[in-house]
Amino acid sequence: MAASSSSASPHAGESSEAYEDLLPVMGEMTADEADAMVREGDHDGDGVLSEAEFCVLMVRLSPGIMEDAEAWLEEAIADELAAMLQEEQQETQQQPLHDADDVATGTAPASRRSA
């Protein structure tokens, strides 16, 4: 049973790492082997794999996938933080305009008003 390798990078061609592609191997499985795989991954005993059980089973069978998932997560977190920072900077740039309006009208935000 020869298994091919494929890149698991979210950006094709960027990753030099490869993991074993189990699709060809799975295509060669007998019904007994498929049943055994389902039994192995079926933690709630209902005879079928839920999405979560399938994902856990695939991670156990192809641990290299997790390395890529970690890189995707780090990239997503970095993108989210960059977007939040950009949004905060835009709000900060707009804040002095509001303060200038307060001075011109003689009002101050509630946080600066004296009791």
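Start with helix α3, which spans residues 51-61 and has Glu-53, Leu-57 and Met-58 as its buried residues (buried means under 20% relative accessible area, exposed over 50%, partly exposed in between, with a 1.4 Å probe and protein chains only). These residues sit on the same side of α3, because they cover an arc of only 130 degrees around the axis, the arc being that of the directions from the helix axis to the C-beta atoms. Over on the other side of α3, Glu-51 and Ala-52 are exposed. Helices here are DSSP runs of H or I with at least four residues, strands are runs of E with at least two, and both are numbered from the N terminus.

All this comes from a predicted model, where local features need pLDDT of at least 70, side-chain atom pairs count only at pLDDT 80 or more, and totals for chains, interfaces and linings use all residues. Residues are numbered from 1 along each chain as its sequence is written, and side-chain values use heavy atoms, with hydrogens and water left out.

Now hop over to helix α2 (residues 31-41), where you'll find Gly-41. Gly-41 is buried, at a relative accessible area of 1%. Setting aside neighbours within four places in sequence, Gly-41 is in contact with Leu-49, Glu-53 and Leu-57 (contact means heavy atoms within 4.5 Å).

There's also 1 salt bridge in the structure, meaning a side-chain nitrogen of Lys or Arg within 4 Å of a carboxyl oxygen of Asp or Glu. The partners are Arg-60 and Glu-40, at 2.5 Å from N to O. Arg-60 belongs to helix α3 and Glu-40 to helix α2, so the pair ties together parts 20 residues apart in sequence.
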